[in-house]
Amino acid sequence: MSATFLGIPPFPEAARAAVDDSRTRHNLRRATHTIRDKRASVVGELNDDWQLLRAEGAAVKEHTLRHLDRYLEQLEESVTRAGGRVHWAADAEEANAIVTRLVKATGETDVVKVKSMATQEIELNNALAEAGITAYETDLAELIVQLGDDLPSHILVPAIHLGRAQIREIFLDQMAEWGTPAPPGLTDDPRALAEAARLHLRERFLRTRTAISGANFAVADSGTLVVLESEGNGRMCLTLPQTLISVVGIEKIVPTWSDLEVFMQLLPRSSTGERMNPYTSTWTGVTPGDGPQEFHLVLLDNGRTDVLADTVGRQALRCIRCSACLNTCPVYERTGGHAYGSVYPGPIGAILTPQLRGMSSAVDEALPYASSLCGACYEVCPVAIDIPEVLVHLREEVSAGRGHLGEKALMAGAEAVFSSSRALGAAQRAAGLGRNLVPGHLPGTAGEWTDTRDVPDVPAESFRSWWNKRGKGQR
Ligand code: SF4
């Protein structure tokens with residue numbers, strides 16, 4: 001059984017421990033700033049076209065989500081016509097049962113995996129392990145996490161919290177347990193580490209006959225699935241085995257092949273800071289004598305239709321998992337991904353996880369507060385998800401559940417006061433008169449603010465009052 005997020009405390013507690021870890025903070029800062037700078041450079045090349053592409057990406061996703069029922073049926077027909085089989089999974093348990101049954105039917109006990117957030121979300125590896133099936137991760141960062149019995153901390157680079165010396169130790173300690181051992185004398189040179197992983201994985205690719213993947217996109221009109229990657233491990237898994245099982249969230253659909261053009265420009269630039277990623281694999285059903293001869297598509301709901309019903313929150317389903325919001329978030333940079341208690345960390349995790357899980361625990365209720373609402377995530381999001389808007393919306397839900405006045409109501413009150421000179425003057429006079437009565441800790445929702453901050457001292461006299469008196473004296 002691999003590590004699980006179960007038992008991780010709510011964000012404030014987990015984050016407090018995480019920020020004390022200076023080595024992780026150093027690793028994160030270096031890695032996120034490198035990717036962030038690369039992204040800014042390649043996005044900058046497109047000048048104003050970037051905003052047009054971004055708007056187009058958002059529009060395609062929004063349209064697809066509005067008509068998801070139609071496009072899902074079209075996808076099922078297209079995949080079936082091309083020789084694949086489609087399975088519908090309402091939740092994680094059902095998806096895991098379907099995949100386990102499909103793998104067992106092949107008679108295999110080992111499977112290779114392409115990096116996939118959907119299978120992480122449903123903890124497929126653990127479900128397979130319970131059935132006596134070993135899943136081997138083949139993405140380099142996922143391999144590091146698996147060998148280290150660790151948890152992913154980033155969507156794109158799950159081992160971003162580890163430095164190369166730590167990775168070397170993991171390879172030397174663990175590779176032999178899982179297959180080809182690390183070469184003796186392995187150094188922490190990135191090329192040596194990559195070569196060790198390549199040798200370790202190669203023999204696995206050559207002898208494993210069943211593969212499991214996710215997909216970045218599923219094209220409804222052709223039934224084509226698309227995986228973008230950088231290492232070639234995906235291409236190996238998608239072409240060499242006899243059986244391929246792809247677990248895909250229902251929001252990954254795009255209507256037509258030509259819609260892909262937009263995302264092929266948005267995703268590599270936003271994720272790895274490249275104009276185009278090194279490997280883009282597409283497959284449509286099965287082709288006799290070429291690639292896997294059996295293809296299963298497991299379409300996963302697992303809370304997505306509930307998210308779709310929320311008119312504000314559903315924009316989270318536009319996400320193409322690029323990680324740009326993580327790389328730019330000042331909170332993520334300091335806490336790292338584990339503190340979010342989910343495979344979806346960072347700003348997108350703070351809005352997606354509680355919605356997918358139905359705000360069902362203290363961990364979920366804390367996530368919408370894991371943000372300073374600075375808006376940097378919205379600025380970089382290639383599909384223009386207004387993450388701060390959804391965060392405030394979810395905070396309202398949490399406040400309502402606790403019987404507190406919501407943040408929106410407090411903001412509306414503040415707006416009424418600040419937009420009227422007379423109301424502001426009256427509020428300042430009242431605050432000055434009652435200054436000795438202001439408690440150090442405010443009640444209700446405001447208490448969540450004063451939990452971590454001091455209430456500022458209220459001056460006996462406001463600037464406005466002082467200015468008015470001064471003006472009268474001078475006249
Ligand atoms: S929310 Fe936007 S920026 Fe963040 S991972 Fe998703 S698509 Fe990328």
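Reader: How many positive and negative side chains does the protein chain have, and how far apart do the centres of the two sets lie?
Author: In this predicted model, the protein chain carries 48 positive and 60 negative side chains. The centres of the two sets lie 8 Å apart.

Reader: And the accessible surface, what does that come to?
Author: It comes to about 21,900 Å² for the protein chain, and 53% of that belongs to carbon and sulfur atoms. Of the 475 residues, 51% count as buried.

Reader: What radius of gyration does the chain have, against that of a compact globule?
Author: The protein chain has 25 Å. A compact globule with 475 residues would have a value near 23 Å, so the two agree. Along the principal axes, the C-alpha trace spans about 95 × 55 × 45 Å.

Reader: Which secondary structure elements are there, and how many?
Author: There are 23 helices and ten strands in the protein chain. As for contacts with a separation of 6 or more, 74% of them are accounted for by residues 24 or more positions apart.

Reader: Moving on from α8 towards α9, where is Ile160, and is it buried or exposed?
Author: Ile160 sits in the loop between α8 and α9. With a relative accessibility of 5%, Ile160 counts as buried, because the cut-off for that class is under 20%.

Reader: What is Ile160 in contact with, leaving aside its neighbours within four places in sequence?
Author: Its contacts are Asn27, Leu28, Ala31, Thr32, Ser153, His154 and Tyr332.

Reader: Tyr332 interests me. Which aromatic cluster is it part of?
Author: Tyr332 forms one aromatic cluster with Phe11 and Tyr340.

Reader: Where is Thr335 found, and is it buried or exposed?
Author: Thr335 belongs to helix α15, residues 330-335. The residue is buried, at a relative accessible area of 9%.

Reader: Back to aromatics. How many aromatic pairs does the count come to?
Author: The count comes to eight aromatic pairs. One of them is Phe463 with Trp467, a stacked pair with 5.9 Å centre to centre and 25° between the planes.

Reader: How many residues apart are those two in helix α23?
Author: Phe463 and Trp467 are four residues apart in helix α23 (residues 463-474), and they are therefore separated by about one helical turn. Phe463 is exposed, with a relative accessible area of 59%, while Trp467 is partly exposed at 44%.

Reader: What about the rings of Trp466 and Trp467?
Author: Their centres are 6.3 Å apart and their planes lie at 50°, so this pair is tilted. Trp466 is partly exposed, with a relative accessible area of 40%.

Reader: A backbone question, then. What is phi for Glu123, and what is it for Met359?
Author: Phi is near 55° for Glu123 and near 45° for Met359. Each is a positive value in a residue other than glycine. Most residues other than glycine have a negative phi.

Reader: Where are they placed, and is each one buried or partly exposed?
Author: Glu123 is in the loop between α6 and α7, and at 30% relative accessibility it counts as partly exposed. Met359 lies in the loop between α16 (346-357) and α17 (362-366). At 14% relative accessibility, Met359 counts as buried.

Conventions: Residues numbered from 1 in each chain as written. Predicted model: local features only at pLDDT ≥ 70, side-chain atom pairs only at ≥ 80, totals over all residues. Heavy atoms only, no water. Rg over C-alpha atoms; globule rule 2.2 N^0.38 Å. Buried < 20%, exposed > 50% of the residue type's maximum accessible area, 1.4 Å probe, protein only. Contact = heavy atoms within 4.5 Å. Areas by Shrake-Rupley, 256 points an atom, 1.4 Å probe, with all protein chains shown as cover. Lys, Arg positive; Asp, Glu negative; His and termini not counted. Charge placed at Lys NZ, Arg CZ, Asp CG, Glu CD. Phe/Tyr/Trp six-rings, centres within 6.5 Å; stacked < 30°, edge-to-face > 60°.
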